[in-house]
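Please keep the sequence and the structure in view while reading.

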Amino acid sequence: MKISGYIHKVLKERIPKGGFCIDATCGRGNDTIFLAECVGENGTVTAIDIQQEAINSTCSVLEKHNIHNVRIFLNNHLNIDVYAAENSADAVLFNLGYLPGGDHFIATSPQFTIPAIEKGLRILKPGGIMSLCIYSGADSGFAEKNALMRYLKTIDKNKYMVCVHEFYNLPNNPPLPVFIEKL
């Protein structure tokens, strides 16, 4: 099973039909489609990405799958709070790193990601869940992973439960799935 499949399996149990979710880094649209299918026709998904290439790719995939319950915005995930009120989302997803097949110099960074996560946590409903898929390796991935791991320890344990999953038997710095539940 791919790591994205594992994350989807965990989230699928938590996202209600008719719900509202945010894909804070829509990339190629795979998580956006997953969320749209989870919430169904009566639910909504907001998808955000900083790159026009990602927006175009996501729109194309949504059109191919005839999905119409997604609003898409070209913006930085730092501005996630522009698109949702506090306590409104059932799930918020972040797939960190760079766009698959894209320019490695355009990547997420802790200076934007950490404040975006903080905003996303406020947007989550009680009982809602946030997923972070932290990619490390070449380029700037290790710096972001290290900063995020330090930050995750500071999240208020009385308001959120943070679970970090690690794949020990996979080579080459596999992505690190993190789930944060709002209590």
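Predicted model: local features only at pLDDT ≥ 70, side-chain atom pairs only at ≥ 80, totals over all residues.

## A buried threonine and its contacts

Two residues are said to be in contact here when they have heavy atoms within 4.5 Å.

Which residues is Thr32 in contact with, leaving aside its neighbours within four places in sequence? They are Asp23, Cys26, Val45, Ala47, Thr58, Leu62 and Val70.

## The chain as a whole

Looking at the secondary structure, one finds that the chain has five helices and seven strands. Followed along the sequence, these elements come in the pattern α-β-α-β-α-β-β-α-β-α-β-β. The radius of gyration of the chain is 15 Å, and this is close to the 16 Å that the globule rule gives for 183 residues, so the chain is as compact as a globular protein of that length. The C-alpha trace spans about 40 × 40 × 30 Å along its principal axes.

Among the 183 residues of the chain, 50% count as buried.

## Surface and charges

The chain exposes about 9,300 Å² in total, and 52% of that area is supplied by carbon and sulfur atoms.

How many aromatic pairs does a search of the whole structure find? The search finds three aromatic pairs, and one of them joins Tyr6 and Phe167 in an edge-to-face arrangement, with 5.6 Å from centre to centre and 85° between the planes. Tyr6 lies in helix α1 (residues 3-12), whereas Phe167 lies in the loop between β6 (160-164) and β7 (176-182), so this pair ties together parts that are 161 residues apart in sequence. Tyr6 is partly exposed, with a relative accessible area of 23%, and Phe167 also counts as partly exposed, at 24% relative accessibility.

The pair made by Phe73 and Tyr83 is stacked, because the ring centres are 4.1 Å apart and the planes meet at 25°, where planes under 30 degrees apart count as stacked. This pair links distant parts of the chain, with Phe73 in strand β3 (residues 70-74) and Tyr83 in the loop between β3 and β4 (89-95), ten residues apart. Phe73 counts as partly exposed at 23% relative accessibility, while Tyr83, at 16%, counts as buried. Returning to Tyr6 and Phe167, these two residues form one aromatic cluster together with Phe179.

## Two asparagines with positive phi

Most residues other than glycine have a negative phi. Asn87 has a phi near 55°, a positive value in a residue other than glycine, and Asn87 lies in the loop between β3 and β4. With a relative accessibility of 41%, Asn87 counts as partly exposed.

Asn172 has a positive phi as well, with a value near 60°, and this residue lies in the loop between β6 and β7. Is Asn172 buried or exposed? Asn172 is exposed, since its relative accessible area is 71% and exposed means over 50%.

## Distances along the chain and in space

Separation in sequence and separation in space can be read side by side for two further pairs of residues. Gly5 has its place in helix α1 and counts as partly exposed at 28% relative accessibility. Gly5 and Thr108 are 103 residues apart in sequence, and in space their C-alpha atoms are 22 Å apart.

Tyr98 is found in the loop between β4 and α4 (110-123), and it is partly exposed, with a relative accessible area of 37%. Tyr98 and Ser131 are 33 residues apart along the chain, and 17 Å separates their C-alpha atoms.

Definitions and conventions
Residues numbered from 1 in each chain as written. Heavy atoms only, no water. Helix = DSSP H or I, 4+ residues; strand = E, 2+ residues; numbered from the N terminus. Rg over C-alpha atoms; globule rule 2.2 N^0.38 Å. Buried < 20%, exposed > 50% of the residue type's maximum accessible area, 1.4 Å probe, protein only. Areas by Shrake-Rupley, 256 points an atom, 1.4 Å probe, with all protein chains shown as cover. Phe/Tyr/Trp six-rings, centres within 6.5 Å; stacked < 30°, edge-to-face > 60°.
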